[in-house]
Amino acid sequence: MNLRTPTPGTFEPETVRSDFWDAPLQLTPSGHLRFVENPHGRPSRIPIEIIEAFKRGTGNGLLWLGTAAIDQPLPPVLGWWRGFAHQYIAATRLKSAGREADLLFIELPETEQPVATELSRVVLTAPIMPGAEYITPALLGDMWISIGFALHETLQSKNIGLNAYLHSLNPAWSQLGRVHFNLAENKRDTDTPFAFMATYTTRLSAQSKAQHLPLGQALRDYADQHNREKLLSLLMPVQRAAERCAWLRPLIESGEIYHPLRWKPAEAAQLLASADDLEQTGILLRMPATWHGNRPPRPRVTATIGSREPSTLGLDGLLDFQMDVTLDGDVLTLFEIKQLLAGTDQLILLRGKWVEIDRDRLKQAMAKLEAAETLAADRGLSFTAAMRLLTGMDDQDAADQAPTRDWAEVIAGPWLSETLRALRTPAVADLGVVPGLCGNLRPYQQEGVIWLRLLTGLRLGACLADDMGLGKTIQVISLLLGRKNEISVPKPSILVVPASLLANWASEIRRFAPSLSIATVHPSAMSTADMKNFGQHQAAHHDVVMTTYATLIRLPRLMSALWRYAILDEAQAIKNPVAKQTRAVKTLRAEARIALTGTPVENSLSDLWSIFDFINPGLLGNAKYFSSYIKGLQDRTDNPYGPLRNLVRPYILRRMKTDKAIIADLPDKTEVTAHCLLSRKQAALYAEAVENLTRSLEDADGIQRRGLILSSLMRLKQICNHPSQWLNDHRWHGEESGKFIRLREIAEEIAARQEKMIIFTQFREMTTPLADHLAGVFGREGLILHGGTPVRQRKSLVTRFQEDDTIPFFVLSLKAGGVGLTLTSASHVVHFDRWWNPAVENQATDRAFRIGQKSSVLVHKFVCRGTVEEKIDRLIESKRALSADLLSGADEVNVTTLSDDALIDLVSLDLAAVAKE
């Protein structure tokens, strides 16, 4: 996720305001929690004390959340971290139970970490936040330890004991023991079938189990004056509970609270109804062991969707629907349902077990699902409606109301359940050889192709959100090849990409799937007249029709054609729902739609909505409904974004380089060529420079000719970088350089992943413009090192980049930074302009790819399409040894010995490959 201010004109009125900006807390790849500046400029609701605590370190911040901030209302993200920290504090305080309240001790008791399974469960409840992908059980274990260190240091600095410190922060921590209200079944007594007893904890057993005594024992143990304060502290939660629970006051006044009691079902029901109030005052409840989650079983209205495969596929496919009332998964008879609804007691005995019943909520739930059942019987239940019901998307109950979701559930039948399982966990299977594919797919890429085939085969949309460098392109190419081989009547697919990626896609398709026929509908490859006339008939002669977002807007015939797949690359381009290009791509007619993006959520959850409004229209509702739905989720106290995560999960496949299963399969260093298109201004200057060289060669020979060639090559490389580098006009507008445009696209994804990059250029004068350009992308300044940087400063610059998570990039001149530096905190290396000597480039790349590097390194080599850069890059790739002969770092540069015709052919501009937009 990229924390950036939305650009002017973005979709503002209905943009989802999640907890991102209310609590701008992000987790860095190195495992640190930190606050970032509010990019919207709105006043932050976060207390300054929390921000200052996190500045002292993650452990201190979590300690503050888990102690001093225990009663403060917080946004969901901070609330989730507070819950984790509170778990540590509670466990530590409970571990110290039994020590004297006035005993000063600095040494903390040992507090065991939660087991791995518990930490894994906690991970699954993590909220959507910047860096959420880095939350792992191991990370939480480290944070558990960091809270302990912070607490120990705090007690030492204050020279105070644990209980005294907690009491100074919040009276809720003043209890040395905890009072428990215990309820048990008394099956031998039909009139009073329940037993109640209040107990308190006195000490921990060797197995770390709390030891209980009847609360009445405290009156005897703490009877003397010396322990009166301890007794008052112990009974304080009971007094607070009596202020909230009217039924508890008579028990206290009569003293019955200190004795075991026989209870009728109505009295046990009172305890259940007061459970939340009792727990908020500090009293713990212990219910019969057969009651899961401290509550008796409840009857539930259960709707089963998709037991059989629908007759038609896609979002409009109709699924079967069946409603029952169940108890612990068993269907109740009509007579038993009438029994439940007829009485007035909240606890009734049914099938030999006590059942909790709220008749009003049960009736509401039945009415709601009966309406859906009637609709399904009449018109059928669409796949979209089924998924919304299944994940509670249509449940807009407010958090402070009595939600029917506690009394109703919608479950997937056998066919739908198996389908969703396959989508959520792509099978680890051998795809086999894809006929026509010139390359090998790694296992995770095979899984991606299988997943794409399954979704598109169901005519559902897909969002392939793999990390940069994991091969989204080859997975899509494999899908296209596979479908071409399987379908007897071919149907073309449309591929919409940013203009800067046209050359990349064309190159990758030619490389991996030369049998695929491509039509590039763009001014760089087709005349204006041919573009306007290009429609369904012309498309039928090709496998893939490729165009750009900007071109699509002007070609309604493309939008009205019928496609097998409509594929968007860099799909974050449609995050603004009201933009022309967004509206244009959403009108595309296709059997299935595919979005490719490394940042499905960039600034807010409205980005996610816009992508889903393309791939699966209607699944998340309209923008206004979705905004309201998100606000409702934020009011939920338990795993607020769980329903949304479950809803979108089948349609998003996200793999990251940080995943060990992926890293184990990836090479340590991956090199990709980033093809860039010249701007109009660059193309004009380049053509003029080639023309001047052609004229000058007529009268040049010997050393003069060699100097002319070298200076001309340098001029062409400068023009490829940016017109201002050659013109020296100090303008440096990003849109005037294809390389600057491509660099922004790559950097945006890196920024969203909170990763670091280093950028090499052979020109010192390029370092500052590049740094200024990238600062606008990352929203933070980076570092610069070139030949003019004092030697004594270089070590400190490297140290800052290695150790400071807030520094996102480092721009270096190749000669100054290409050797002798260790920059392993970067996982991306960009060669902005090519040195044309692989050995020199590899030496620079190894600043990041060296011992100490824990992440895969992705190397981006920038090449301008149709220029001398591309032609020499081909020479290097076709015969790398040739580069040492032609372009060595020796005094003699052999390229100067080429004939005039060969030289002009080498540097001439391939106009067909240059964009005209």
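Which residues are buried in H33? Thr-767, Pro-769, Leu-770, Ala-771, His-773, Leu-774, Ala-775, Val-777 and Phe-778 are, and that makes nine of the helix's twelve residues, so H33 counts as mostly covered. Keep in mind that this is a predicted model.

- H33 spans 16 Å from its first C-alpha to its last, close to the 16 Å expected for its twelve residues at 1.5 Å a residue.
- Between H33 (767-778) and strand S25 (783-785) there's a loop, and Gly-779 sits in it.
- Buried or exposed, then, for Gly-779? Its relative accessibility is 60%, so Gly-779 counts as exposed.

**Helix H26**

- H26 covers residues 623-634, twelve in number, and its end-to-end C-alpha reach of 17 Å is close to the expected 16 Å.
- The buried residues here are Ala-623, Phe-626, Ser-627, Tyr-629, Ile-630, Leu-633 and Gln-634.
- Look down the axis of H26 and those buried residues fall within an arc of 160°, so they line one face of the helix.
- As background for that pattern, an α-helix has 3.6 residues a turn, so residues three or four places apart point the same way.
- At the start of H26, Asn-622 gets involved too: one of its side-chain oxygens comes to within 3.3 Å of the backbone nitrogen of Lys-624.

**The H18 and H19 pair**

- How do the axes of H18 and H19 cross, and at roughly what angle? H18 (residues 472-486) and H19 (residues 502-512) have axes that come within 10 Å and cross at roughly 55°.
- That angle is why H18 and H19 are described as oblique to each other.
- As for handedness, the crossing of H18 past H19 is right-handed.

- Asp-543 is a loop residue, placed between helix H21 (536-539) and strand S19 (544-548).
- With a relative accessible area of 16%, Asp-543 is buried, because the cut-off for that label is under 20%.

**Positive phi away from glycine**

- Glu-570 has a phi near 50°, which is positive even though the residue isn't glycine.
- You'll find Glu-570 in the loop that runs between strand S20 (562-568) and helix H24 (580-585), and Glu-570 is buried at a relative accessible area of 14%.
- Trp-732 is another non-glycine residue with positive phi, here near 55°.
- The loop between helix H31 (723-727) and helix H32 (738-752) holds Trp-732, and with a relative accessible area of 22% Trp-732 is partly exposed.

**Pro-214 in strand S5**

- Pro-214 belongs to strand S5, which covers residues 210-214.
- Pro-214 has a relative accessibility of 34%, so it counts as partly exposed.
- Pro-214 and His-259 are separated by 45 residues in sequence, yet their C-alpha atoms are 7.5 Å apart in space.

Notes:
Residues numbered from 1 in each chain as written. Predicted model: local features only at pLDDT ≥ 70, side-chain atom pairs only at ≥ 80, totals over all residues. Heavy atoms only, no water. Helix = DSSP H or I, 4+ residues; strand = E, 2+ residues; numbered from the N terminus. Expected span 1.5 Å × (residues − 1). Buried < 20%, exposed > 50% of the residue type's maximum accessible area, 1.4 Å probe, protein only. Arc of directions from axis to C-beta. Polar contact = N/O pair within 3.5 Å; in protein donor to acceptor, adjacent residues only side chain to side chain. Axes fitted to C-alpha atoms, helices over the stretch in contact; angles between N-to-C directions. Parallel < 35°, antiparallel > 145°, perpendicular 65-115°, else oblique. Left-handed = near helix turned anticlockwise from the far one by under 90°.
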